[in-house]
Amino acid sequence: MNAGIAAIKTEAETGLADTYAAARQELPGGPAVAAARAEAFNIFALGGLPHRRLEAWKYTDLRRLMKDAKPLAGAPDAAALGAARQAAQWLSELGARRIVVVNGTFVPALSDLADLDEGLTIRALAQGLVTDEPLLSADLGTLLPHNEPALALNTAFAGDGVVIEVAAGAEIKRPIHLLFVTAGETASAIFTRSVAVIGAGASVSLIESHEGPEGSDYQVNAALQVQLGDDARLDHVKIVREGGAALHVGTLLADIGARARFNAFSFIVGGSVVRNQMFVRLAGADTVAEISGVSLLAGRQHADTTLSIEHAAPGSQSRETFKAVVDEAARAVFQGKIAVRQQAQKTDARMMSRALLLSAEAEVFSKPELEIFADDVQCGHGATTGTLDDQLKFYLMARGIPAKEAEALLIQAFVGEVIDTITQESLRDALSAATLAWLGERG
Amino acid sequence: MTALLEIRDLRAEIGGRKILNGLDLTVNKGEIHAIMGPNGAGKSTLSYVLAGKPGYEITGGQVLFNGEDLFEMSPDERAAKGVFLAFQYPLEIPGVATLTFLRAALNAQRKKRGEEELSSPDLLKRVRELAKKLGIDPEMLRRPLNVGFSGGEKKRNETLQMALLEPRLCVLDETDSGLDIDALKVVANGVNQLRSTERGMIVITHYQRLLDYIVPDVVHVLAAGRIVETGGKDLALQLEATGYAQYQNEAA
């Protein structure tokens, strides 16, 4: 026991404990779910909020960054539902099936559940929890450390979310857009857990977006657990456009079957503190995974992208490409780890993180890691941090393009390289437009 | 009549090293001036100083463009007023499609001059016409600017930009470098089509060869940062025979 050196509990830690004690009876779930919650909360209680002395949270000291614990959000009221109706208009051209979650509660009335494709089911997580389905306690094995604190909190508190199931062989043509909206005057804490189980040979495109009010310091902890069957395909795009004072902690857990194709893209443009962590296991042989992302940060934003990808079977290929544009006094963190298990021969994995600093105060922390136990693999990683190229800027200006516009063109080009890998054109256009809008707001 | 370009006693240095040491040059509309000189004479510096490249310190003299002080303008303002530098080494810009760049450049200039922006279809039509004249594959317009282009393609692309932007003053910095004879003819032909009574040109070159194709009205010799001799086009031929040694001694 380390009781002797246990840190003094912070206001947020005490608040979370109080909230759990008060809410545990009310949280949905039968005895098995309740037991999973209790175990998860216990894991959290032992370690407390993650802090800088934990290697995985070295650059995102949640104990310091999370000042207090907000009360759990209740069921959305009429005003919140009204706000949700107006949400994410910039993503209205996607032609996607909208599934709306307001303040952590799945709202069928706002969701497009008509004419579901054959083989597709969409339902509320809470529903499954009530009947004690083991939705919060799937066997994660080596996917992530069993005491991972952000997911532990999510397991303890998640009241609702979306469960998507795609039957084997089903090809879901229309993308599904999980729209997470936070609304309301008082800042609250929102815990959601979503699950996507995609059968063998099936394919689906999943967009996940998060947004909320500008001035409110609400807290979001959103987890998505993906199980992708053999020969299946998932295109996942996550957009974090939370309000400017919000805290967003997101966890993606993905278990990928043999010969499957997994594309994951994250776009972080909002929020005060963002931790976007991804744990991906290429469990089956000969899978192809492309995991990439763009962060556009300004003001005093802090965004941490942490990726752990495990090659657990032979012959898989993975590409990880992350780009950050950091302006003013913002901070970008990239931690990327590729682990290759002994049996995962012929692994081909390449990771690259690149950051563009637009101001003298901007900061970037990059930590790539390789952990290789197989002897016949190709693995590589690289990280670059730089400023805009003055020569290129001069060339553009010499053709009549004003300084700000020249910078915008170069920044667009920098992130465009990654955005252009998104297969759905309307989504690519929306993210390019969001990049332009971000550039337009630069002083 | 106001000269198109009037350079008076221009002095410039970079990193404390004096490059231009009292350069005088006047270019009128309709004239083509060749500037020849040995390596290190200040030819590229002159072109960069005219275009406004950061890093050069102007320590003396004056440059008037249509009577206006060029040094009061940022590089993009100079471009909008009609100064165009064809780069010796055009830069590669990954992620910016050539056509996107051309549109941004032309419309930024038009906007600054208070003219209406050109619509995308109109622009595409004009660019395609010009590309055809210069033997540029239209597919190249969709590729990132200059990325993976050969030396010849880059120079054609510079010429295309010049033709599209219709500047008042063209400064061609060693346009012949890296070109084989066929590419040189194409580029020179493109430049010659831009000869006009409303436009002046400064053709900077180390070799006489380019001047067989772009025939100048006046030839200057630049050595140690000053114009040391001025003559007709015969001067270029003479230099080809004698070299620059005499001027280097003179400057020293």
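How many bridges join strand β11 (residues 218-223) of chain B to β12(B), and in which sense do the two pair? A few friendly notes follow.

1. This is a predicted model, in which local features need pLDDT of at least 70, side-chain atom pairs count only at pLDDT 80 or more, and totals for chains, interfaces and linings use all residues. Residues are numbered from 1 along each chain as its sequence is written, while chains are lettered from A in the order in which they are written.

2. To the opening question: β11(B) and β12(B) pair in the antiparallel sense over five bridges (pairing requires at least two DSSP bridges; strands are DSSP runs of E with at least two residues, helices runs of H or I with at least four, numbered from the N terminus). V221(B) has E229(B) in β12(B) as its bridge partner.

3. Both strands belong to an open, mixed sheet of six, ordered β6-β9-β10-β3-β11-β12 in chain B. β6 (83-86) and β12 (226-231) of chain B each have a single partner strand, so one side of each lacks a neighbour in the sheet.

4. Between the chains, 19 residues of chain B are in contact with 17 residues of chain A (C-beta atoms, placed from the backbone, within 7 Å). On the chain B side, α2 (75-81), β7 (93-97) and α3 (98-112) each give two or more residues.

5. In chain A, the axes of α7 (residues 390-397) and α8 (residues 403-419) come within 9 Å and cross at roughly 125 degrees (axes are lines fitted to C-alpha atoms over the stretch in contact; angles run from 0 to 180 degrees between N-to-C directions). Among the residues that meet are L392(A) and L396(A) from α7(A), and A406(A) and L410(A) from α8(A).

Technical notes: Contact = placed C-beta atoms within 7 Å.
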